[in-house]
Amino acid sequence: MDAALRQIIDRVRDSADRRSAVRICGGGTKDFHGPGAPQHAGEPLDMRPLAGVVSYEPSELVVTALAGTPLAELEALLARHGQSLPFEPPRFAEGGTVGGMVAAGLSGPARASVGAVRDYVLGVEIINGRGELLRFGGQVMKNVAGYDVSRLMAGAWGQLGVITEVSLKVLPVPPAEATLRFDCDQAEALRRLNAWGGQPLPLNASCWVEDAGRGQLYVRLRGAQAAVQAACRSMGGELQDAPTVPDDWQACRDQRLPWFAARAADHALWRLSVPQTAPVLALPAGVAPPLVEWHGGLRWVQALPQHGDALHALAAEVGGSASLFIAASADGISARAVFDANSAALAAIHQRLKQAFDPAGIFNPGRLV
């Protein structure tokens, strides 16, 4: 067994014996997320020494990497072979790791069209709260043996175990891409997106944002050359051909757009996950229009901390949920304001899973509530 892996296992076992909290760390690019971030409880467990690509078969569209592998390194390797992680994991800053990408379970602009992180996880190796090294799933796309525990790790924020290795499905980079812009308000943008969603169009990503009181909808098309060209003709809009367009989508992916940068220090950033068909939400008075992604399914809202309950209620009314993504400065966060479990039944399932994987409760306390 690799010395770095053995050291991590020994650390976990020692912490379990002492019932001492462990804070699983990678590049720290998502330390802003969660209550009290980045001062999460626990002794740091740095995963970066456990790095490297274990195997990569471009012809099989499968890559296996250790958890501490820099995400930028993995994406560069895939790019050299004309492949990518289609779900576009947000990076936020330099230094992110593969394990952190899976643990956070966050996806970028293309998520509504291509799927989420969990949809590309084929297998994982983890260390549970007893210090046992466990492997789930495999390295093939058709794997139906037992429970799909590997995908359970996506979005668990490390609370169920220490991810040590991940196998991922990758895809070829589409041969053609185009971005269209439409000047319209939010209601019209949602109407257009819903109509396009019922047509055989190569929709890949969308972003509606209001700039200086003027609403603008950007739609990215990806696919075969003929399909993209036909969609451009049928959809209308203004073709964006500036060389900076790819960088703008990267800025959307990493929350570097001016809309995100303009957030006031006393405002929190909320993530509202709703059905794509949900109408324009009646946000509390004084709250600015959202930035809308995922063809209407993801709505980012900047609001004061006291608006938390209203945002939860608005999302619930349309069959969605709201969660606090970045807290306001010096914000006193209530437990309910951070994560909405939607139901007592779902909360009970979460608790049972936590008890099964981490009976001593040592992993990442405070990351999720």
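Modeller: Let's begin with a cysteine: Cys207 is buried, with a relative accessibility of 4%. Here buried means under 20% relative accessible area, exposed means over 50%, and partly exposed is in between (1.4 Å probe, protein chains only). A word on the ground rules: this is a predicted model, where local features need pLDDT of at least 70 and side-chain atom pairs count only at pLDDT 80 or more, while totals for chains, interfaces and linings use all residues. Residues are numbered from 1 along each chain as its sequence is written, and side-chain values use heavy atoms, with hydrogens and water left out.

Biologist: How many disulfides does the structure hold?

Modeller: A disulfide is a pair of cysteine sulfur atoms within 2.5 Å. The structure has zero of them. Cys207 is in no disulfide, and its nearest cysteine sulfur, that of Cys252, sits 4.2 Å away. As for Cys25, is that residue buried or exposed? Cys25 counts as buried, at 19% relative accessibility.

Biologist: On to charges, then. How many salt bridges turn up in the whole structure?

Modeller: The general idea is that side chains of opposite charge can pair when their charged atoms come close. The cut-off for a salt bridge is a side-chain nitrogen of Lys or Arg within 4 Å of a carboxyl oxygen of Asp or Glu. Searching the whole structure gives 19 salt bridges.

Biologist: Which residue forms a salt bridge with Glu88?

Modeller: That's Arg222, with the closest N and O atoms 3.8 Å apart. Glu88 lies in the loop between strand S5 (83–84) and helix H3 (98–104), and Arg222 in strand S12 (residues 214–223), so the pair ties together parts 134 residues apart in sequence. Those labels come from DSSP runs, numbered from the N terminus: helices are H or I with at least four residues, strands are E with at least two. Glu88 is buried at 6% relative accessible area, whereas Arg222 is partly exposed at 23%.

Biologist: What about Arg222 and Glu177?

Modeller: They form a salt bridge too, with the closest N and O atoms 2.8 Å apart. This pair links distant parts of the chain, Arg222 in strand S12 and Glu177 in strand S10 (residues 176–183), 45 residues apart. Glu177 is partly exposed, at 40%.

Biologist: And where do Arg191 and Glu188 lie?

Modeller: Both are in helix H6 (residues 186–197), three residues apart, about one turn of the helix.
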